[in-house]
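Subject: Structure for you to look through

Dear colleague,

I am handing over the structure that we talked about, and below it you will find a description of what was found in it. Please keep the structure open while you read, so that you can look up each residue as it is named.

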Amino acid sequence: MSEVIVVTSGKGGVGKTTTSANVGTGLAKLNKKVVLIDTDIGLRNLGVVMGLENRIVYNLVDVIEGNCRYKQALIKDKRYPNLYLLPSAQTRDKTSVSPEQMKALIDELRQEFDYIILDCPAGIEQGFKNAIAGADRALVVTTPEVSAIRDADRIIGLLEANDLKRSDLIVNRIRMDMVKKGDMMSIDDVVDILSINLIGAVPDDENIVISTNNGEPLVGNDTLAGQAYMNICKRILGEDIPLLDLSEKSGFWNKLKAIFSSK
Amino acid sequence: MSLFDMFKKKSSGDVAKDRLKLLLVSDRANCSPDIMEAIKNDIIAVISKYMEIDASGLDIQITQTESDGGNGSVPALYANIPIKDMKNGQKPNH
């Protein structure tokens, strides 16, 4: 049985694409057959974050318009046997695709894949409607900032109005040092405000920047963010994994860093 | 932040949370400030028929309140209407 997950946020720049890349890669590492679909037509970034940008031949719009079969457009990630990417078109705009067409494509992909991850564009217009059309559940990404949370709240309302069965929250870029000082809303604060189920929290980790630089998702490696993403993947599979203690370890690393930088 | 400031001010995280809570209540109710102003004026017009009220001290807002049905919090219109004087007979003067 396959599951279709849309990664969405409303506000741009909160980490939808990074989350899509890491959740998709993580599920593939957990032996699920996964396809990542970049639905951000005109601004394709998932391929770059995944390090697959040089292998794009056909794209989502080509498949929708029937210029190729979907199998021709899928890029196989050579690092993982079960991971594929369907890139978005760079030179077209979001009106090239309709929600009905997306739904039809996704139903076709359900035959072959365990998980279909849709990277949603920012905003609440056509691109958002296309991305959520065929989805079973949503991962709503937010950061602990007023604007991102406000937009997430709006998105949660729209997902409910569109009868999505399930929405789970990812609080991204949390800085425990700032939370401790009272200068950042805590994970609990954000969950309290948005009142949907929390599926994971990801720390503001510089390793994310490094992994994006290299085009290699960090899910599952020994960084704090890598572990946080892997835990999210396991929770998606239904495992009961306790929340990672983001403060303890970041304190430890900070201390370690302080030792080295003081020399 | 100095120790002195800590006693004086709310932390910015708490400020953010309070601001958001208020903002989201009106976002969720889909109620613009214009509509709120119209509601306020209508309330003044209706209540003024029966009693003399302090229109400048009138305060209305949409807040969250626990529902009687026990299904979580629901938006509620809260109005604080200061009464100056009850009109004689308390009947509308048509």
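At 24% relative accessibility, A:Arg110 counts as partly exposed, where buried means under 20% relative accessible area, exposed means over 50%, and partly exposed lies in between (1.4 Å probe, protein chains only). Before going further, please note that this is a predicted model, in which local features need pLDDT of at least 70 and side-chain atom pairs count only at pLDDT 80 or more, while totals for chains, interfaces and linings use all residues. Residues are numbered from 1 along each chain as its sequence is written, chains are lettered from A and ligands numbered from 1 in the order in which they are written, and side-chain values use heavy atoms, with hydrogens and water left out.

A:Arg110 forms a salt bridge with A:Asp136, and their closest N and O atoms are 3.0 Å apart; the term stands for a side-chain nitrogen of Lys or Arg within 4 Å of a carboxyl oxygen of Asp or Glu. This pair links distant parts of the chain, since A:Arg110 belongs to helix α5 (residues 99-110) of chain A and A:Asp136 to the loop between α6 (126-133) and β6 (137-142) of chain A, 26 residues apart. Helices (H or I, at least four residues) and strands (E, at least two) are DSSP runs, numbered from the N terminus. A:Asp136 itself is buried, with a relative accessible area of 16%.

A:Asp168 and A:Arg166 form another salt bridge, with 3.1 Å between the closest N and O atoms. In this pair A:Asp168 is buried at 1% relative accessibility, whereas A:Arg166 is partly exposed at 37%. Both belong to a network of salt bridges that also links A:Glu3 and A:Arg137. Over all chains, the structure holds 16 salt bridges.

**Where chain A meets chain B**

In this interface, 12 residues of chain A are in contact with 13 residues of chain B, contact meaning heavy atoms within 4.5 Å. The area buried between the two chains is about 1,100 Å², and carbon and sulfur atoms give 57% of it; buried area is the accessible area (1.4 Å probe) that two parts lose on being put together, summed over both. On the side of chain A, the residues that lose the most area to chain B are A:Val146, A:Arg150 and A:Ile193, which together account for 44% of what that side buries.

The rule finds five salt bridges across this interface. One of them joins A:Asp153 to B:Arg28, with the closest N and O atoms 2.5 Å apart. In another, A:Asp189 pairs with B:Lys17 at 3.1 Å between the closest N and O atoms; A:Asp189 lies in helix α9 of chain A and B:Lys17 in helix α2 (residues 12-29) of chain B, so the pair joins two chains. Both partners count as buried, A:Asp189 at 15% relative accessibility and B:Lys17 at 14%.

**Chain B as a whole**

Chain B has three helices and four strands, and from the N terminus on its elements run α-α-α-β-β-β-β. Of the 94 residues in chain B, 18% are buried. Among contacts in chain B between residues at least 6 apart in sequence, 47% join residues at least 24 apart.

With kind regards
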